[in-house]
Amino acid sequence: ALVSMNDFLPKAKAGKYAVGQFNMNNLEFAQAIVEAAIELNSPFIYGVSEGALKYMGIEFTVAIAEAAAKKSGLPIALHLDHGSSFEVAMKCIRAGFSSVMFDGSHYSFEENIRLTKEVVKAARAMGVSVEGELGTIGGVEDDISVDEEHANLAKPEEAIRFYEETGVDCLAIAVGTAHGMYAGEPNIHFDIIEAVSKAIPVPVVLHGGSGVPDEMIRKSIAAGVGKINVNTENQVACTESIRAALNKDAKIYDPRKYLTPARSAMIEVVKSKIQLFGSSNQA
Ligand code: G3H
Ligand code: ZN
């Protein structure tokens with residue numbers, strides 16, 4: 001069965017490793033992610049954005065995640081990514097999600113606390129974990145686009161107060177990463193991660209994990225990151241593989257011919273991230 005993030009995040013924080021959130025965009029993503037995790041005996045989180053939910057349908061999303069949990073026997077959380085309202089979070093919980101993110105980062109600080117608290121109260125009663133977000137993370141994800149100028153870093157004192165008032169199970173804070181690939185290298189503020197992580201008992205979440213150099217990931221984990229989100233790198237690996245297969249053979253028509261190598265490419269991406277995050281053999 002699917003589990004809440006509280007099944008593995010406290011252990012990750014204590015053991016100084018991170019659990020990966022890999023976003024599910026279709027069946028092949030879901031299969032690639034669980035296959036990699038089976039090989040490395042790792043817990044993981046299926047992230048599902050509102051856009052992905054619309055694309056796959058909530059019934060298929062839950063059924064696929066449940067099938068992965070049954071097949072693997074691994075601790076897997078099915079997590080709403082960047083949930084925009086109390087209503088969408090409740091809809092996911094009712095459908096079988098074991099975890100939700102409420103992203104109130106576009107509201108004022110006080111309003112973000114008030115709305116997140118409501119989600120925590122309802123989710124906790126059902127054994128579902130909650131991630132909150134503070135500060136705005138740059139880049140583009142689905143229809144959410146934040147330019148560099150408007151991406152603002154989280155203030156440690158605010159993050160600590162946000163945790164104390166909401167009681168979230170993990171906290172995403174803007175520390176300089178962005179959604180999508182980077183033109184150059186991100187400027188990650190490790191001091192912010194450390195100040196927040198030291199002061200709260202739950203892990204800090206790093207969004208925008210795609211394209212972050214390995215050394216920066218290691219430093220982020222050492223500073224207190226216990227959950228890292230990756231989506232774009234899998235999308236790029238999948239699409240590059242399909243493009244190469246189609247370019248190589250103009251007569252190809254059986255989707256299995258190009259989706260099989262695409263899925264293999266994603267297995268390799270996810271395996272390398274699990275190894276980098278240190279969650280191998282922690283299931
Ligand atoms: O919430 C999802 C992630 O933050 C994904 O970011 O697409 O840059 O890996 P990414
Ligand atoms: Zn994100």
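With 16 C-beta neighbours inside 10 Å, Ala-122 counts as partly exposed (a residue is buried if 20 or more other C-beta atoms, placed from the backbone, lie within 10 Å of its own, exposed if 12 or fewer, and partly exposed in between). The structure is a predicted model, in which local features need pLDDT of at least 70 and side-chain atom pairs count only at pLDDT 80 or more, while totals for chains, interfaces and linings use all residues. Residues are numbered from 1 along each chain as its sequence is written, and chains are lettered from A and ligands numbered from 1 in the order in which they are written.

Ala-122 lies in helix H6 (residues 109–125); helices (H or I, at least four residues) and strands (E, at least two) are DSSP runs, numbered from the N terminus. Between the C-alpha atoms of Ala-122 and Val-270 there are 32 Å, and the two residues are 148 residues apart along the chain.

**Helix packing**

The table gives axis separations and angles; axes are lines fitted to C-alpha atoms, for helices over the stretch in contact, and angles run from 0 to 180 degrees between N-to-C directions.

| Helix pair | Axis separation | Angle |
|---|---|---|
| H2 (residues 27–40) and H4 (residues 58–72) | axes 10 Å apart | about 25° |
| H6 and H7 (residues 156–166) | axes within 9 Å | roughly 35° |
| H7 and H8 (residues 190–199) | axes 9 Å apart | about 30° |

H7 is therefore roughly parallel to H8 (angles under 35 degrees count as roughly parallel, over 145 as roughly antiparallel, 65 to 115 as roughly perpendicular and the rest as oblique). On the H7 side, Pro-156, Ala-159 and Ile-160 meet Ile-192, Ala-195, Val-196 and Ala-199 of H8; residues are in contact if their C-beta atoms, placed from the backbone, lie within 7 Å. This contact of H7 with H8 comprises 7 nonpolar, no polar and no charged residues. Here Ala, Val, Leu, Ile, Met, Phe, Trp, Tyr, Cys and Pro count as nonpolar, Asp, Glu, Lys and Arg as charged, and the others, Gly among them, as polar.

H2 and H4 are likewise roughly parallel to each other. Their contact involves Leu-27, Ala-30, Val-34, Ala-37 and Ile-38 of H2 together with Ile-64, Ala-65, Ala-68, Lys-71 and Ser-72 of H4. By class, the contact of H2 with H4 has 8 nonpolar, 1 polar and 1 charged residues.

**Ligand 1**

Of the 14 residues around ligand 1, those that come nearest are His-207, Ser-210, Asn-229, Asn-231 and Thr-232 (a residue is near if its C-beta atom, placed from the backbone, lies within 6 Å). The shell around ligand 1 contains 1 nonpolar, 12 polar and 1 charged residues. Strand E3 (76–83) and strand E11 (225–230) each contribute at least two residues to this shell.

Note on methods
Contact = placed C-beta atoms within 7 Å.
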